[in-house]
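These are my notebook entries on one chain and its ligand. I went through strand pairing, domain contacts, the ligand shell and helix packing in turn.

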Amino acid sequence: MVTQDTTVTWNHQVVPGYFRMGLLCDTGFDSAKPGQFVMVRIGTENSPLLRRPFSLFGLIREKRRATGIEILYKVVGKGTELLSCCKEGDRLSVIGPLGNTFSISDSCRRLILVAGGVGVPPIRFLATSLLENESRPDICRVFIGGRSKEDLACITEFDLPGFMLEVSTDDGSLGHHGLVTRSLEKSLDKDPADLICACGPEGMLKAVSSIAAGRNISCMVSIEAMMACGMGACLGCAVRIVDDKVHYRHVCVDGPVFDAQRLVW
Ligand SMILES: Cc1cc2nc3c(=O)[nH]c(=O)nc-3n(C[C@H](O)[C@H](O)[C@H](O)COP(=O)(O)OP(=O)(O)OC[C@H]3O[C@@H](n4cnc5c(N)ncnc54)[C@H](O)[C@@H]3O)c2cc1C
Ligand code: FES
């Protein structure tokens, strides 16, 4: 993990309210993994005061070296509004990569990826990383959901060899009409899976976790929490984990990826 000044190489709107940004970095991201995130300082004169966390959407590579990172973000408040105004050549201080990753064992042959709304970045990074892995699962099914087609950013990024993509929208404006979890259940009725990896709104993750538990499928979720430091210092991102008893864990250092069945929802 390093702190460095990065250079904005692109920052464009992909669907209304969602932006894709490329940042050139000097060092530190060669072995960054899907699920990991960065803390970005936005704005000037400490306003907003706190850095904002964003998952890695992908790495920019030259030959084998990572020369930069990509993030995909939704404008929801002051920080992301300011971020959306950044231009090519602007400098942004970034700390990362932070956090853990999805762990997919070689014995996982049937993998399901689920992303809702702004949960797309770590799932896209995971999908593209799997392409480079010779022992990747034989079957990879991807389920992407959003309220409407305006909430489906970068779905063409999942048009990858060997991946099957199903899109759902709550209002039926694109793909299946209904919740992404309905499509997931229908698919699982036909074909079982060894592992589900998911990222998205808490309600969706809770539903995916429950579907996985009901069918005895392992499930890993990348969750969000309010973060001030991103490094285990402020205790602001605690979540409860249960094994034989309940423990507190930090989303920033112990996560953001957790075994869904161990989270206290
Ligand atoms: C590990 C991690 C990875 C993330 N990855 C991404 C990503 O790839 N793309 C993306 O668009 N967003 C991501 N987020 C959420 C992103 O950090 C927030 O949307 C951002 O910090 C909001 O900043 P803001 O100043 O625009 O909004 P603020 O003005 O700070 O807040 C606006 C609204 O968003 C809510 N909010 C702010 N931060 C969070 C948060 N962390 N979780 C839930 N709600 C929040 C606030 O409660 C408020 O209602 C991630 C969060 C975490 C913890
Ligand atoms: S964000 Fe400070 S401890 Fe996790």
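I looked up the pairing of strand 3 with strand 7 and found an antiparallel arrangement over three bridges. I note that the model is predicted. Within this pair, methionine 39 has isoleucine 95 of strand 7 as its bridge partner. I then checked strand 1 (residues 2–15), which also runs antiparallel to strand 7 and is joined to it by six bridges. There, threonine 3 is bridged to isoleucine 95. Is strand 7 mostly covered or exposed? I find it mostly covered, with six of its eight residues buried.

Entry 2, domains. I recorded the domain assignment, which gives domain 1 (2–98), domain 2 (110–222) and domain 3 (224–265). Taken over C-alpha atoms, the centres of domain 1 and domain 3 are 23 Å apart. I examined the contact between these two domains: eight residues of domain 1 meet seven residues of domain 3. On the domain 1 side, strand 3 (37–40) and strand 7 (91–98) each contribute at least two residues. I classed the residues of that side as six nonpolar, one polar and one charged.

I asked which residues of the shell are closest to ligand 1. Of the 22 residues that surround ligand 1, the closest are Arg52, Tyr73, Gly77, Gly79 and Thr80. Strand 4 (52–55), strand 6 (65–74) and helix 1 (78–84) each supply at least two residues of the shell. By domain, I find at least three shell residues from each of domain 1 and domain 3. By class, the shell comprises 14 nonpolar, four polar and four charged residues.

I traced an open sheet with the strand order 11-10-9-8-12-13-16 and mixed pairing. Its edge strands are strand 11 (176–177) and strand 16 (257–259), each of which pairs on one side only. Strand 16 pairs with strand 13 (residues 218–222) in the antiparallel sense over three bridges. In this pair I noted valine 221 and its partner in strand 16, phenylalanine 258.

Definitions and conventions:
Residues are numbered from 1 along each chain as its sequence is written. Chains are lettered from A and ligands numbered from 1 in the order in which they are written. This is a predicted model: local features need pLDDT of at least 70, side-chain atom pairs count only at pLDDT 80 or more; totals for chains, interfaces and linings use all residues. Domain bounds come from an automatic or database domain assignment. Helices (H or I, at least four residues) and strands (E, at least two) are DSSP runs, numbered from the N terminus. Ala, Val, Leu, Ile, Met, Phe, Trp, Tyr, Cys and Pro count as nonpolar, Asp, Glu, Lys and Arg as charged, and the others, Gly among them, as polar. A residue is near a molecule or strand if its C-beta atom, placed from the backbone, lies within 6 Å of it. A residue is buried if 20 or more other C-beta atoms lie within 10 Å of its own, exposed if 12 or fewer, and partly exposed in between; C-beta atoms are placed from the backbone. Two strands pair if DSSP finds at least two bridges between them.
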